[in-house]
Amino acid sequence: MTTTGFDAVFSDVRVTFGRTDALDGASFTLPSGTITGMLGRNGAGKSTALALLAAFRRPDAGTVLVQGHDPFENAAVTAGVQLVRESGDVLGDSPVKETLGYYSDARPDWDGETARRLLDLFEVPLDRSPDSLSRGKRSALGCVLGIAARAPLTIFDESYLGMDAPSRYAFYDALLDDYTAHPRTIVVSSHLIDEVERLFENVVVLHRGAVLTQTDADDLRARAVSLTGPASAVRPLTDGHAVLAQRSLGTTTQVTLNGPFDPDLPRKAAQAGVEVGRVSLQDIFVHLTQEAR
Ligand SMILES: Nc1ncnc2c1ncn2[C@@H]1O[C@H](COP(=O)(O)OP(=O)(O)OP(=O)(O)O)[C@@H](O)[C@H]1O
């Protein structure tokens, strides 16, 4: 691979199915050589956006550029884009090893040794057909193909949901290892945000076809904190802050605050015996999308 990955730019993209706007003026960027989490509730437009990157269709309005070019019917671009969907893009009724041969011919940066090592790790037999495998093994096959293709733009569209938890964690580790050794642009869409958030450097949150926020993952994490302690000590610390959530157990209260924060908050909290904690991306995502409703 001669690049650290393709970048992609969506500008005011609209895709309509009948009376549904799957994408409704979505604009965001996938920077080259980063892992971006594509988040959104059911029906937010994630799969539609990812299918545009893979040139499965053209937008009805706006532009999608991959490495500066319209990917649609552009073989030079699509040769470098790998979309892994849960349904899998494999030769369903032929042995897995034939799919490997197909990828080896079609993908310029294909690494057959990595594919075989990971298929062995996930215990996917080479002589069985994908159609005869369990859902989890089929998902694992798709994920392995996605990693071993080493495409400059690699997209995992909830491709690992069929896998059990140990297999999913093995996939996240394998993806990070391979990405570290061979940087490229990766997009991961998922509902399991708690599990995958450690992968993300950037986050795009889609909501009803539009971009709610696009940001560095650490900036998004820093947008909220939790305060836990006796209700009487926590309450004064919330003054002047937006409270995203609040819950109490006995005399202990936990509030989630949205920034910007009083720079003195950590000192005041320590003095009051209140614990300041991180808020997971999953919780921030839930708050963001609830607010947007
Ligand atoms: N082929 C299609 N025909 C009709 N409507 C569609 C089609 N594809 C998507 N849609 C609609 O477009 C909207 C966005 O769908 P999309 O699959 O992109 O969302 P998503 O964020 O991937 O959802 P999920 O997390 O549930 O998979 C939804 O309202 C969906 O019903």
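Which residues are buried in α5? In this predicted model, the buried residues of α5 are Lys137, Arg138, Ser139, Ala140, Leu141, Gly142, Cys143, Val144, Leu145, Gly146, Ile147 and Ala148, and the legends below take up that helix together with other parts of the chain.

**Figure 1. Overview of the predicted chain and its elements.** The predicted chain contains 11 helices and 13 strands, and its C-alpha atoms fill a box of roughly 65 × 45 × 35 Å when taken along the principal axes. Of the 293 residues in the chain, 40% are buried.

Figure 2. Helix α5, which runs over residues 135-148, has 14 residues and reaches 20 Å from its first C-alpha to its last, close to the 20 Å expected at 1.5 Å a residue. Because 12 of those 14 residues are buried, α5 is largely enclosed by the rest of the structure. The cover over its buried residues includes the strands β5 (81-85) and β6 (153-157) as well as the helices α3 (96-106), α4 (112-121) and α6 (165-181). Valine 144, one of the buried residues of α5, touches Ala115, Leu118, Leu119 and Phe122, if residues up to four places away in sequence are not counted. After α5 comes arginine 150, whose phi is positive, near 50°.

**Figure 3. The largest nonpolar core.** This core has 76 residues, and among them Ala26, Leu53, Val144 and Ile155 touch the most other members. Its largest share, seven residues, is supplied by helix α5 (residues 135-148). Both domain 1 (8-208) and domain 2 (222-292) give residues to this core, so the core lies between them. In soluble globular proteins, nonpolar side chains tend to be buried together.

**Figure 4. The contact between the two domains.** The chain is divided into domain 1 (8-208) and domain 2 (222-292), and the C-alpha centres of the two domains lie 36 Å apart. Seven residues from domain 1 and seven residues from domain 2 take part in the contact. On the side of domain 1 that touches domain 2, the elements giving two or more residues are α7 (193-196) and β8 (202-207). By class, the residues on that side of domain 1 are three nonpolar, one polar and three charged.

**Figure 5. The shell of residues around the ligand.** Around the ligand stand Phe17, Thr20, Ala22, Gly40, Asn42, Gly43, Ala44, Gly45, Lys46, Ser47 and Thr48, and by class this shell has three nonpolar, seven polar and one charged residues. Strand β2 (20-30) and helix α1 each supply at least two residues of the shell, while the largest share, three residues, comes from α1.

**Figure 6. Helix α1 and the residue that follows it.** Helix α1 (residues 46-53) is mostly covered, with six of its eight residues buried, namely Lys46, Thr48, Ala49, Leu50, Leu52 and Leu53. Of these, Lys46 and Thr48 are also listed among the residues around the ligand, and Leu53 is one of the residues that touch the most other members of the largest nonpolar core. Just after α1, alanine 55 takes a positive phi of about 60°, although alanine 55 is not a glycine. Alanine 55 is placed in the loop between α1 and β4 (61-66), where it counts as partly exposed because it has 19 C-beta neighbours inside 10 Å.

**Figure 7. Backbone geometry in two further loops.** Most residues other than glycine have a negative phi, and most peptide bonds are trans. Glutamine 67 is a residue other than glycine with a positive phi, near 50°, and it is found in the loop between β4 and α2 (75-78). With 20 other C-beta atoms within 10 Å, glutamine 67 is buried, since a residue with 20 or more such atoms is placed in that class. In a separate loop, the one between β12 (252-258) and α10 (265-272), lies proline 260, and the peptide bond that leads from glycine 259 to proline 260 is cis, with omega near 0°.

Definitions and conventions:
Residues numbered from 1 in each chain as written. Predicted model: local features only at pLDDT ≥ 70, side-chain atom pairs only at ≥ 80, totals over all residues. Core = buried A, V, L, I, M, F, W, Y, C linked by C-beta atoms within 7 Å. Helix = DSSP H or I, 4+ residues; strand = E, 2+ residues; numbered from the N terminus. Domains from an automatic or database assignment. Contact = placed C-beta atoms within 7 Å. Nonpolar A, V, L, I, M, F, W, Y, C, P; charged D, E, K, R; others polar. Near = placed C-beta within 6 Å. Expected span 1.5 Å × (residues − 1).
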